[in-house]
Amino acid sequence: MTRLSSSDVSQGATAFGAMVRSLRRAARLTLEELSQASGVSVRALGDMERGRSRGPQRRTVDALAVALKLDREQRQRLQRLADAGRDRGGPAAPPYLLRTVPDFTGREQELADLETLARGTRARTVVLFGPGGQGKTTLAAQAARRLAGELFPDGCVSVQLHGMSDTPLPAAEALVLLLTALGHPPDRIPVDPVAREAVYRATLSTRRVLVVLDDAADEAQARPLLPDAEGGFVLVTSRRPLTGLEGVRRIRLGALSGRESVTLLERILGASRTDGQSEAIGRLAELCGHLPLALRIVGNRLSSRPAWTPARLADQLADEERRLGTLVAGDLAVRGALALSHRQLTAPRRLLLRRLTLLPGRDTGPRLAAVLTGEDDPIVVQDALDLLVERGLLEETTPGRYALHDLVRLFARERLHAEELPLPVEAAALRMADWLLRSASAAGRWFEAPGAPEPWPGATPAFAPASAEEAEEWLSTERDHWVGALKVMFEAQRFTEILHTARTLYWFSDRWDAWPEWRTVFTYGVRAAAALGDRAAEAHQLNCLAWTYSVRGGPFEQTEEHARRALESATQAGDTGQQAWAWVYIAGACMHLDRPAEAARAAEDAVRLFEATGDQAGLAVSRRLLGSALRESGRAEEALAVHRGLLGTDAGDVPGFQEFAQAILRHEIARDLLALRHWSDAVETYRAVIAPATHGGTDRFKARALTGLATALEHCGDPAQARAQLVEAHRLFTSAGDTTAAERTAASLERLAAHAVDAGRSAVEDNADGRDG
């Protein structure tokens with residue numbers, strides 16, 4: 001880092017004397033009065049204030065501290081200045097120097113932004129803010145090293161403001177240190193704080209100097225230390241964005257990227273410790289949450305233990321209960337860094353932070369946070385969430401959604417166990433789970449057939465969506481939470497409510513059939529029904545569970561197993577409808593397990609039972625399935641007749657089901673035409689298939705239709721169009737996460753390309769034969 005000029009440096013050593021003089025004047029004491037109170041001679045005091053005595057002994061500092069009635073933090077600051085004066089012995093640097101590190105990693109964008117701002121003329125102050133442990137001071141030191149010299153030939157001065165301590169450095173004292181470092185004569189530093197500010201700004205206006213204010217507590221502490229519009233350039237670091245400051249630019253410092261985290265560990269440890277350890281190093285970076293402080297602790301711990309491997313430390317950190325205790329190296333500790341921010345919170349905000357750890361999912365909005373704390377006013381909760389963001393203890397992932405960093409979550413959970421009794425915590429978790437499931441039931445009713453039951457009453461009003469669109473958005477956004485609430489409710493033996501929720505989400509699940517969470521939902525539904533001894537409900541939930549394995553691509557043995565269990569429970573309960581649905585899922589499983597004849601018989605049983613119950617939706621599904629089983633049994637003509645006979649039939653009064661059923665039906669007709677080798681008819685039918693817009697599996701449905709269309713086009717002699725359909729199908733399968741289907745599509749593309757090459761080679765050979773002839 002570029003230092004000040006020689007005259008500035010020599011004056012820097014008088015910081016102790018300048019601080020004594022400032023404190024004496026603030027206490028309204030003369031030299032004689034301070035001498036009498038402290039026992040230090042007038043001459044010695046005069047030598048200190050004039051800079052002739054730069055580092056008095058600790059007992060002298062203690063005597064002065066008592067006489068001046070300094071608090072603990074002021075006493076420590078005065079002692080540090082005395083220690084620095086003794087250590088230097090002669091001309092030395094300013095009282096507080098930022099330390100750069102040789103393994104500095106990343107932050108290139110932030111450094112570029114700082115340089116751009118420093119070269120400009122509009123903003124003379126930048127606030128570098130972010131949570132504790134993100135490396136703000138380290139970045140400020142790196143920026144100072146890069147920027148000083150060309151941009152700031154008069155050097156860099158800095159002051160530690162101790163913003164996270166119990167007693168931050170007052171601005172008036174900081175001005176003494178800064179003015180001393182800037183070379184201002186100590187005996188000419190004004191006593192009046194306003195006059196002192198004026199001298200400071202006047203001094204900055206004549207210098208091209210970089211001032212770093214490290215660890216600012218708030219706006220009131222930082223504001224007197226900022227330059228005028230034409231003054232020097234000031235870089236402020238703080239855990240808060242200091243939104244009250246005018247005319248400043250702000251740069252938020254977040255976690256490092258995955259690559260940067262790995263690189264930092266590699267630089268700390270060296271090649272000999274990291275070669276061949278990429279997997280373990282990557283795990284360590286993830287377990288550290290890409291927090292620079294945690295990464296440095298991990299690197300330092302491994303550096304001090306040559307026998308340890310990265311994998312060994314990663315295994316230790318994998319235990320969440322031990323992770324924060326493991327992230328300690330000497331005086332570096334993640335828990336300590338987080339505790340500094342935590343202790344500045346009020347009791348209600350500490351409660352909110354602790355209770356957020358009860359959430360089953362990652363991020364939340366104010367409404368759910370209010371349920372956890374019992375706060376009725378959502379504005380109060382919103383303000384508290386925003387303040388936690390400002391203090392660096394919470395992240396705003398998207399507007400209005402808040403999440404805990406993994407390490408903050410572990411810290412807050414420790415505080416939850418340490419500061420709250422088990423019963424209130426359990427009550428809060430159950431209140432949250434009850435609210436989530438009642439809200440999910442209220443949202444699910446928008447997609448059920450008319451007459452679906454109302455959610456059960458509760459002390460905290462459930463979320464009541466005003467439209468199907470609002471209901472769908474809530475169910476999607478809060479999915480991890482309401483699914484996670486099932487476990488809490490099951491442990492509380494709230495079986496009736498679990499079953500109610502699973503039932504009211506029955507038809508909604510068909511809209512988003514790709515969600516893996518449905519297996520969890522209906523597994524709890526089965527367990528709740530069994531606990532209640534309700535065999536009919538158990539049959540229904542088993543059928544739903546069979547459906548989840550069917551639509552998610554298996555294993556289809558599980559589909560059949562759950563469906564046969566459903567058939568048994570439904571038969572015992574005398575529930576004809578659930579027996580019919582069990583036969584539907586058995587038929588579907590048999591189809592996928594290459595047993596089409598069994599599938600046809602099962603589908604016929606389902607048709608017979610649905611006709612008896614008058615279930616139009618079930619009848620449409622079972623007949624369509626019967627046609628498909630006939631096709632796979634080699635009876636494509638019969639299949640086509642069955643499927644065409646279903647066109648336009650009523651599929652019941654379930655919202656959105658008619659459109660869905662007709663789309664699936666047209667797709668089956670197109671497949672029948674493929675089986676019959678009616679290629680041109682198949683092309684026409686596939687082009688008429690419209691994906692069901694009201695269902696979440698749209699991409700996979702489109703991809704399957706495009707795959708069939710590609711087959712028909714290829715047989716119609718249009719390989720270029722066939723390839724175009726397969727390319728789009730591969731993209732859709734990939735985006736939907738269906739890797740098996742994507743691989744099959746890729747194989748079809750390779751086969752088509754190979755066929756094109758063979759066709760081209762044959763054409764060349766035919767031309768050659770023609771020329772020879």
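A polar contact of 3.0 Å joins the side chains of E668 and R631. The model is predicted.

- Helix α35, spanning residues 657–675, holds E668.
- E668 has 10% relative accessibility and therefore counts as buried, since buried means under 20%.
- Beyond its neighbours within four places in sequence, E668 is in contact with R624, S628, R631 and H643.

**Nonpolar cores**
- In soluble globular proteins, nonpolar side chains tend to be buried together.
- The largest nonpolar core here has 125 residues.
- V334 and W482 have the most contacts inside that core.
- Leaving aside neighbours within four places in sequence, W482 is in contact with L436, L437, A440, W474, L475, L505, W515, W518 and V521.
- A second, separate core has 48 residues, including V127, L161, A181 and V234.

**Second largest pocket**
- The volume of the second largest pocket is about 1100 Å³.
- Its lining comprises 35 residues.
- G133, G135, T137, T138 and L293 lie nearest the pocket centre.
- By class, the lining has 13 nonpolar, 13 polar and 9 charged residues.
- Helices α8 (136–147), α15 (292–303) and α18 (334–342) each supply at least two lining residues.
- Strands β4 (233–238) and β7 (332–333) also supply at least two each.

Notes. Residues are numbered from 1 along each chain as its sequence is written. This is a predicted model: local features need pLDDT of at least 70, side-chain atom pairs count only at pLDDT 80 or more; totals for chains, interfaces and linings use all residues. Side-chain values use heavy atoms; hydrogens and water are left out. On a 1 Å grid over the protein atoms alone, a cavity is a set of points where a 1.4 Å probe fits but cannot get out, and a pocket is an open set with protein on both sides within 12 Å along at least five of seven lines; lining residues have an atom within 4 Å of a point. Grid points are joined across faces, edges and corners, and a volume is the space filled by probe spheres set on the points. Helices (H or I, at least four residues) and strands (E, at least two) are DSSP runs, numbered from the N terminus. Ala, Val, Leu, Ile, Met, Phe, Trp, Tyr, Cys and Pro count as nonpolar, Asp, Glu, Lys and Arg as charged, and the others, Gly among them, as polar. Buried means under 20% relative accessible area, exposed over 50%, partly exposed in between (1.4 Å probe, protein chains only). A polar contact is a pair of N or O atoms within 3.5 Å; within protein, one must be able to donate a hydrogen and the other to accept it, and residues adjacent in sequence count only if both atoms are side-chain atoms. Contact means heavy atoms within 4.5 Å. A nonpolar core is a set of buried Ala, Val, Leu, Ile, Met, Phe, Trp, Tyr and Cys residues joined through side-chain atoms within 4.5 Å.
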